[in-house]
Number of protein chains: 2
Amino acid sequence: MKRPTIADVARRAGVSKGAVSYALNGQPGVSEATRQRILAIAAEIGFSPSSAARALSGATANAVGLALCRPARILGIEPFFMELISGVEAELSARSYALTLQVVADQEAEIAVYRRWWAERRVDGVFVCDLRTDDRRIPALEELQLPAVVIGGPGHTGSLTSVWSDDAAALVETVEYLVALGHRRIARVGGLPSLLHTEIRTDAFGEVCRRLGLDEAATVWSDYTGEEGARATRRLLSSANRPTAVIYDNDVMAIAGLSVAQEMGLAVPGDLSIVAWDDSPLCQLVHPPLTALGRDIPAYGAHAARQLLAVIAGEPVTGLQDETAHLTPRGSTAPPRRG
Amino acid sequence: MKRPTIADVARRAGVSKGAVSYALNGQPGVSEATRQRILAIAAEIGFSPSSAARALSGATANAVGLALCRPARILGIEPFFMELISGVEAELSARSYALTLQVVADQEAEIAVYRRWWAERRVDGVFVCDLRTDDRRIPALEELQLPAVVIGGPGHTGSLTSVWSDDAAALVETVEYLVALGHRRIARVGGLPSLLHTEIRTDAFGEVCRRLGLDEAATVWSDYTGEEGARATRRLLSSANRPTAVIYDNDVMAIAGLSVAQEMGLAVPGDLSIVAWDDSPLCQLVHPPLTALGRDIPAYGAHAARQLLAVIAGEPVTGLQDETAHLTPRGSTAPPRRG
DNA sequence: CTGAAAGCGCTTACAG
DNA sequence: CTGAAAGCGCTTACAG
């Protein structure tokens, strides 16, 4: 089957190729009657303009890029990324933009991908995930002048627009809730310490514990996998003065932690309260269901997509603070058992 | 920053644009010394050929497409797709191919996306997931003559190449294992009945149960969510002659089923054995860890990508039977308690 | 409101 | 082995 071109449409409509282009792109230069006739013919013969020809003649690529820097097993197990992608994609395809995805090994590889995409004119802009403090991707993108939206923050985004959520506030709310239940020894199993949002949570955790005069507020580090989450939990629960509540930086580690508690003969929530960050459906699959900090991740992705399209269009954008995660209490939190 | 073009490289090297093109694409027509000099200059000034210009001048788009037809909440919770994408992407980026992703609402929308991609010359080929019997996407792709690889089967793929795994054999192995443990009443919580692989498993299940002379082998349908998996399990466990073992068509439903058993006061594996299909890390997060049918999903994706690139290159391809899922016994299966 | 033409940045026959 | 040129399919000033 031969692909129809703009010349085919022009011939059938008895107009010039220029007229077809104007009609398709909603530009002035053709009468309304002609425009309608051209659109009808285009639809009839299944014509869509070649994205290559369009990109080459100075218009946009109509595609944006997302590079993911996580190993396969983590990408798979964390619902976060796929939900984010779903939301991004819904917004993009509504505006006829394509999403180009690439998995990269590290920051250097990611920067190389941005440079290649830019040189190839393959994308009009990119999303940046997993922001770090002193992130080398920021100056690289600024230098390329490639439109970009950072999914994360606040701060550390240079001149780039960002879409973020107030993790500090969500963490404080969680600690205050646990303290209201009567907990005094609260621990946290954190995510990768090199990520900015981990640091923001860690700082907020230290601060609120100090303010409320809590005993040693330990944070142990992990990498979002169940394995490491389980190991961290074992360490915490084996200590002399074990915590009565643990906050986990993702749902997978929280579920692993629940399993460890049960294996060690501790009742949840009687002996140990558990809170998961990221309220995916996983949290309600286990027994007891997990109290969790959740927010609408597909919407977060959609907002980021909208910002990026605005940056690409040259519209003024100021960045966006998305909703703060809210706590949904379920069966895994309760007052600590006296003992 | 101005993007370098082939003309910039040619000027610096003191050769024609044609020579640069030959050098970059490994074509004869330039001496080895000239080729090396051109490549060095291209690397130095960060030149990558415009994908648009390249696609327009008859070469390939260097991109392939994947359309996913599942709602966001299911895409997020099932590790399968993200693992598949990771594997696909690893193979593609090693060959400098981009992956274009789109989420669609239904088969009609998916076919429309294929038509648009084809008309736009945006992709050189596509992957087809979630094959159905009498799948309308197959004739549509055949008509477009758009290179495609079906991830699924066997059979029902028309003239398209496919990469598949023998689900029937894996199911038979599982049932035989449960029977060897002493189970006689085995049930199954199936996935969406409209999908071909569900049908293949259902047929195999019915057949092996008949062959082994098992009592009524019930399959109840679900949709891969924990919610529906839990509901199906409650129905099964409330029946007069409840099963002593249940096979679930994905890990999420199996975990939900485990939770329901515990909520109903049944011991796993004492009162109920559970087997999950898809052995994601989730299976080892719960207590007891789930016996599961697993295989290497990223590798499956990589194999599919290799097949698609071969089809695009016009090489002869015969399709590929991937490894059969193998059973990993863990704590959720045991002989049924006498009673 | 419409048409003819240049140009985007490559690839690839076609001469030398 | 190398260079000059046509052509891919669009968009967009520029004349009419």
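This report covers the domains of chain A, the pairing of chains A and B, and the protein surface around DNA strand C.

The model is predicted: local features need pLDDT of at least 70, side-chain atom pairs count only at pLDDT 80 or more, and totals for chains, interfaces and linings use all residues. Residues are numbered from 1 along each chain as its sequence is written, chains are lettered from A and ligands numbered from 1 in the order in which they are written, and side-chain values use heavy atoms, with hydrogens and water left out.

**Domains of chain A**

Chain A has three assigned domains: domain 1 (6–49), domain 2 (63–165 + 297–321) and domain 3 (167–295). These bounds come from an automatic or database domain assignment. The centres of domain 2 and domain 3 of chain A, taken over C-alpha atoms, are 29 Å apart. Here 18 residues of domain 2 of chain A touch 17 residues of domain 3 of chain A. Contact means heavy atoms within 4.5 Å.

An unreviewed UniProt entry annotates residues 4–58 of chain A as "domain: HTH lacI-type". Such annotations may be inferred rather than shown by experiment; feature names are shortened, and positions follow the numbering used here. That stretch of chain A is 64% helix and 0% strand, with its end C-alpha atoms 21 Å apart. Helices (H or I, at least four residues) and strands (E, at least two) are DSSP runs, numbered from the N terminus.

**Two copies**

**Around DNA strand C**

A residue is near the strand if one of its heavy atoms lies within 4 Å of it. Which residues come nearest? Of 23 around DNA strand C, they are A:Gly29, B:Ile6, B:Ser21, B:Phe47 and B:Arg54.

Some polar contacts (pairs of N or O atoms within 3.5 Å) follow.

| Residue, polar atom | Atom of DNA strand C | Distance |
|---|---|---|
| A:Ser31, backbone | phosphate oxygen | 3.1 Å |
| B:Lys17, side chain | base nitrogen | 3.4 Å |
| B:Arg54, side chain | phosphate oxygen | 2.9 Å |

Helix H2 (17–24) and helix H4 (51–56) of chain B are the elements that give two or more residues to this surface. H2(B) gives the most, with four residues.

Conventions
Polar contact = N/O pair within 3.5 Å; in protein donor to acceptor, adjacent residues only side chain to side chain.
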